[in-house]
Amino acid sequence: MTAILFYVFAALAVASALVVVGQRNPIYSAFGLIVTLCSLSVIFGLLGSPFIAALQVVVYAGAIMVLFLFVIMLLGVKPEDRESGGTLKAVALALALALAAEMGVVLLGADQPPASSLDASTRAVAHVLFSAPYLYAFEATSILILAALVGSIVLARRDA
Amino acid sequence: MTPSPVQQELIVAVVKVLVAFGALLTLFSVMTWAERRLLAFMQFRLGPNRTGPIGILQPVADGIKLFFKEEVAPAGANKWLFVAAPALAVFTAFLAIAVVPYGGTITLPRWGLLPGWLQGREVVLQIADLDVGILFLFAVSSLGVYSIVMAGWAANNKYTLLGGLRSSAQMFSYELALGLSWVGVIMLAGSFRIQDIVAAQAGGFWHWNFVQQVVGFAVYLVAATAEVNRTPFDLPEAETELVAGFHTEYSSMRFALLQMAEYVNMITVAAVGANLFFGGWLSPLPFLPDSPLWFFAKMLAALFFFIWLRGTLPRLRYDQLMAFGWKVLVPLATLNILVTAAVVAFVPPGWPFR
């Protein structure tokens, strides 16, 4: 059952990721990315990490992609014309193959821990985040994000 | 023949889904009628009272009418997204209710009518008792925004686009306040599971969260009203400015689906409010038994409140709405979190406010 669901959503994630890069209409690309993120969230859930699964949807699919769509719709971006450059395509293909080869080597070489043995419940994640090795980094990151937020508002409103 | 344990689980789950689905559809159609009747009474009118006794068959008549109307799509509309938007709206609306419990764990009685494996079986009155129930709810409601953006954009109409953008801006602004208003409740219960949150409120109505979390409750009330686009926050369909907002170009069953999604969202918000702030299925007085009936009574009271609100308040202006959300609700909710965190950290259990 879990295996079937995993393959269904893994396929969905890959297919929608292809839509993201393959579509000429940016709106479809954005919706494709949303589907990818939701499929990934399902996979996190299947791996026994409901907390990460929920955050994946809340943060990426729910908040960030809405802003993407907003910009696309407000600016009224038109579908792109397809690039016909032959050399560019060849370079892209070569780079993609290199990347795939690298990933293959790394994945085959690594020893894979069974995912289900990890305790990734909300409580476990919170204990790791809010205890010694990660606490300061975590808090520092939150201050960094806040500073970035305030900074971007100041920059955007300088004339007002 | 006894089904295997997996099959048993599956059968129970399917029955639960069907029951919740049927109950929601019924409640939705009753709500469309009840809202019109109650609003009419508040305005010294009668409302729909011709179809069946006291007009109760009006939703059926509306349904038949909508079924037989022609489906129209504007010429420049994006066909795929135009069709997908109402489907997505209904999908997310129904998905959210899956984690909302309407009762605790019950033990099925040993009646002869039930198959043997069901007798004495313990069943949770909730479709999915997730460890991260509240976060799931938050995630699904944030996906609901896309149906509105999609509907507004796909129809290729300036009014629907503006309505859709406005709507989504409003929804994700107030989603923030909505999420923050839950944090106090989560901290008091120490869990994301809605079952745990309800259980933490046991012991009479003075233990319910709306007493200790009065600020959180106030923020929830306002943010939830805005989140489901109800008056006084129904700007997405401000007819004086935007014709009918994002669903201007929709007709027939697609329009009905969008309406259904809106009402189901309202029911979800009412049910979540009853669970988080009014003790769900717990009885208000300690000597009365707990029962799902309490939950339904609280939920219906909340739904009546939404209708009452619509009959009472005028619509806000758009800039007032955004300013209120960001400058009042979000700081208030954050302050509530700070105070609640201090109380949880420093006041030992058993003292006042714990």
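Biologist: Which residues of α1(A) meet α2(A)?

Modeller: From α1(A) come Thr2(A), Leu5(A), Phe6(A), Phe9(A), Ala10(A), Leu12(A), Ala13(A), Ser16(A), Ala17(A), Val19(A) and Val20(A). In α2(A) they meet Tyr28(A), Ser29(A), Gly32(A), Leu33(A), Val35(A), Thr36(A), Ser39(A), Leu40(A), Val42(A), Ile43(A) and Leu46(A). Two residues are in contact if their C-beta atoms, placed from the backbone, lie within 7 Å. By class, this contact has 16 nonpolar, 6 polar and no charged residues. Nonpolar covers Ala, Val, Leu, Ile, Met, Phe, Trp, Tyr, Cys and Pro; charged covers Asp, Glu, Lys and Arg; the others, Gly among them, are polar.

Biologist: What should I know about the model and its labels?

Modeller: This is a predicted model: local features need pLDDT of at least 70, side-chain atom pairs count only at pLDDT 80 or more, and totals for chains, interfaces and linings use all residues. Residues are numbered from 1 along each chain as its sequence is written, while chains are lettered from A and ligands numbered from 1 in the order in which they are written.

Biologist: How many helices and strands does chain A have?

Modeller: Helices (H or I, at least four residues) and strands (E, at least two) are DSSP runs, numbered from the N terminus. Chain A has 6 helices and 0 strands. Along the sequence the pattern reads α-α-α-α-α-α. Of the contacts in chain A with a separation of 6 or more, 53% join residues 24 or more positions apart.

Biologist: At what angle do α1(A) and α2(A) cross?

Modeller: Axes are lines fitted to C-alpha atoms, for helices over the stretch in contact; angles run from 0 to 180 degrees between N-to-C directions. Helix α1 (residues 2-22) and helix α2 (residues 26-46) of chain A cross at roughly 155 degrees, and their axes come within 8 Å. So α1(A) and α2(A) are roughly antiparallel. The classes are these: under 35 degrees is roughly parallel, over 145 roughly antiparallel, 65 to 115 roughly perpendicular, and the rest oblique. The crossing of α1(A) and α2(A) is left-handed. That term applies if the near helix is turned anticlockwise from the far one by less than a right angle; clockwise gives right-handed.

Biologist: How many residues does each chain give to the contact between chains A and B?

Modeller: Chain B gives 18 residues and chain A gives 16. On the side of chain B that touches chain A, α4 (133-154) and α5 (158-189) of chain B each give two or more residues. α4(B) gives the most, with 10 residues. By class, this side of chain B has 15 nonpolar, 2 polar and 1 charged residues.

Biologist: How does α3(A) pack against α4(B)?

Modeller: Helix α3 (residues 50-75) of chain A packs with α4(B) at about 20 degrees, with the axes 8 Å apart. That makes α3(A) roughly parallel to α4(B). Their crossing is left-handed. Residues of α3(A) that meet α4(B) include Val57(A), Ala61(A) and Met73(A). Among those they meet in α4(B) are Phe136(B), Ser142(B) and Trp153(B). The contact of α3(A) with α4(B) has 16 nonpolar, 2 polar and no charged residues.

Biologist: Is α4(B) enclosed or exposed?

Modeller: A residue is buried if 20 or more other C-beta atoms lie within 10 Å of its own, exposed if 12 or fewer, and partly exposed in between; C-beta atoms are placed from the backbone. In α4(B), 22 of the 22 residues are buried, so this helix is largely enclosed by the rest of the structure. By contrast, buried residues make up 18% of the 160 residues in chain A.

Biologist: Where is Phe44(B), and what is its phi?

Modeller: Most residues other than glycine have a negative phi. Phe44(B) has a positive one, near 55 degrees. Phe44(B) sits in the loop between α1 (5-42) and α2 (58-68) of chain B. Phe44(B) is exposed, with 6 other C-beta atoms within 10 Å. Ile54(B) is in the loop between α1 and α2 of chain B. Its phi is positive too, about 40 degrees. Ile54(B) is partly exposed, with 14 other C-beta atoms within 10 Å.
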